[in-house]
Amino acid sequence: MSDTHNSQSAHDGHGFETVAIHAGNTADPLTGAVVPPIYQVSTYKQDGVGGLRGGYEYSRSANPTRTALEENLAALEGGRRGLAFASGLAAEDCLLRALLSPGDHVVIPNDAYGGTFRLFAKVVSRWGVEWSVADTSDPASVRAALTPKTKVIWVETPSNPLLGITDIAAVAHVAREAGARLVVDNTFASPYLQQPLALGADVVVHSLTKYMGGHSDVVGGALIVADPALGEELAYHQNAMGAVAGPMDAWLVLRGIKTLPVRMDRHSENATKVADMLSRHARVTRVLYPGLPEHPGHEVAAKQMKAFGGMVSFQVEGGEEAAVAVCDRAKLFTLGESLGGVESLIEHPGRMTHASVAGSALEVPGDLVRLSVGIESADDLLADLQQALG
C-alpha cells in the first residue's frame, strides 16, 4: 500500500482546490481513466506466496479505491497518514481503543455530538476508561480537568450543536504540557475551513458522511494523523477490528471532496445570511453562529478558520414545544438528522441527535433548533424560516 505522505508531498505548494481534485486521484494506469476505479473486490491474485502486487492481498487490509481516498484525506489535512472507516463512530472507536487502556482518563467537551458522548459514557467506560467534562473553549477549564492518567483531550470546534469554538493552538499547548494527545473533530469545519494538525493537534476526526461526502448519499469516517508511527498503530487496529470504508463509499466521498471548496463557500455564505436574519427575528431569543461578532468565540474562529461554516443553531421563545413546532412547520428545510449535504436540514437536537445526552453535563436546551444550511437560494431559505417561525 502506498505511503499517504507521498501524495501530500506531491501536492505541496498547490492550492487547496487543486489538492482536493488531484490528491490520490491519479489516472488509471491501464485505461487512463481520470477517475479512480471502484475496486469492488475482496481478494487479489498474488505473484507467488507473499508476492503482493502493490501491497494488496485482502480488501479489509487495503483496497485501491480506499487508498486513493486516504491519500486525499492526508493531503487535505496536511497529515502523514489518513485512514477511512465505515462511519465516523467506527473511526472514533478505533482511535480510542488504540490510544487508551483500562485506568486511563479522557477530557471530553461540554458540548459534543451525542454519539460521541454515548461512546464514552456507555461503551468505553465499561472497560475502565474514565472521563470528565470541561469547557474546551477555556484552556484553564481543560487544564483543571486533567489528571495524572489523562491520555487524550477531545475537542469539537465548532461544536455540535451549540457551535462553541475552541482555540486549538491553546489547548494543544495544554495537551503537550500534560503529555496527552489532542484529538479534534473537524467535521463541522472540514479541512477547507480549518486544519487542526497545523495548529498542534495530534489526530483529526471526520464524519465523512457530512461535508466531505456532501450529498447525503454515503456514510463514512476518517482519522488523519501527523505522526507516521501513530498512523501505523491505527492502521494495525483498523485491520484488526475491520470497520473499513467499502470501495463504493470511498469513491463517493472522493467525488464529493472535489467540490468541497465551492460548496463550503456557499454553505458559509448562506449560513451568514440565515444567522443575520434570525438575530433580528422577534421570536428568536439567541443565535449561535461563530460568524456573528457577538459570538463569544468569534475572534478565535476568525483566527483559525477560513470562514464560519454552514451550521447555525438558535433558541426560540416559548420553550421546547415552540422549537418542535418550528421544525414541523419548515418546508424547504427538511426535518432530518445528519448535516453537511447540499440540501438544508432542520432538527430538534434535544429529541433527535442529542437525546443520548439528556440528564448529563452535555444536555442541550429544549428550546434549541439546529440548522444545516444548504446551498439553495438564500432568499428561499430565509423565506422558509420566516414562515416556520410564524
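Biologist: Which residue caps the N-terminal end of H3?

Modeller: This is a predicted model, in which local features need pLDDT of at least 70, side-chain atom pairs count only at pLDDT 80 or more, and totals for chains, interfaces and linings use all residues. Residues are numbered from 1 along each chain as its sequence is written, and side-chain values use heavy atoms, with hydrogens and water left out. Helices (H or I, at least four residues) and strands (E, at least two) are DSSP runs numbered from the N terminus, and a polar contact is a pair of N or O atoms within 3.5 Å (within protein, one able to donate a hydrogen and the other to accept it; residues adjacent in sequence count only if both atoms are side-chain atoms). With a side-chain oxygen 2.9 Å from the backbone nitrogen of Thr65, the capping residue is Asn63.

Biologist: What span does H3 reach from its first C-alpha to its last?

Modeller: H3 has 14 residues. The expected span of a helix is 1.5 Å times one less than its number of residues, which gives 20 Å for H3. The span in the model is close to that, at 20 Å.

Biologist: How many residues of H3 are buried?

Modeller: Buried means under 20% relative accessible area, exposed over 50% and partly exposed in between, with a 1.4 Å probe and protein chains only. H3 is mostly covered, and of its 14 residues the number buried is 14.

Biologist: Which residue takes a positive phi just after H3?

Modeller: The phi in question is about 65°. The residue that takes this value, just after H3, is Gly78.

Biologist: Is Asn160 buried or exposed?

Modeller: Asn160 lies in the loop between strand E4 (150–156) and helix H7 (168–178). Contact means heavy atoms within 4.5 Å; beyond four places in sequence, Asn160 is in contact with Asp111, Ala112, Tyr113, Phe188, His354 and Arg370. Because its relative accessibility is 5%, Asn160 counts as buried.

Biologist: Which residue does a cis peptide bond join to Asn160?

Modeller: In the loop between E4 and H7 lies Pro158, and the bond from Thr157 to Pro158 is cis, with omega near -10°. The loop between E4 and H7 also holds Pro161. With omega about 10°, the cis bond of Asn160 is to Pro161.

Biologist: What is the relative accessible area of Leu163?

Modeller: Leu163 is found in the loop between E4 and H7. Although not a glycine, Leu163 has a positive phi of about 55°. Leu163 is buried because its relative accessible area is 1%.

Biologist: Is Ser216 buried, partly exposed or exposed?

Modeller: Ser216 sits in the loop between strand E6 (203–207) and strand E7 (221–225). Ser216 is not a glycine, yet its phi is positive, about 55°. Its relative accessible area is 46%, so Ser216 is partly exposed.

Biologist: How many aromatic pairs does a search of the whole structure find, and what type is the pair of Tyr44 and Tyr56?

Modeller: Rings of Phe, Tyr and Trp (its six-membered ring) pair if their centres lie within 6.5 Å; planes under 30 degrees apart count as stacked, over 60 as edge-to-face and the rest as tilted. The search finds 5 aromatic pairs. At 5.7 Å centre to centre and 35° between the planes, the pair of Tyr44 and Tyr56 is tilted.

Biologist: What type is the pair of Tyr289 and Phe308?

Modeller: The ring centres of Tyr289 and Phe308 are 6.5 Å apart and the planes meet at 70°, so the pair is edge-to-face.  The pair links Tyr289, in the loop between strand E8 (284–288) and helix H12 (298–304), with Phe308, in the loop between H12 and strand E9 (311–316), 19 residues apart. The type, again, is edge-to-face.

Biologist: How many disulfides does a search of the whole structure find?

Modeller: A disulfide is a pair of cysteine sulfur atoms within 2.5 Å. Cys94 is buried, with a relative accessible area of 2%, and Cys327 is buried, with a value of 2%. The number of disulfides found is 0.
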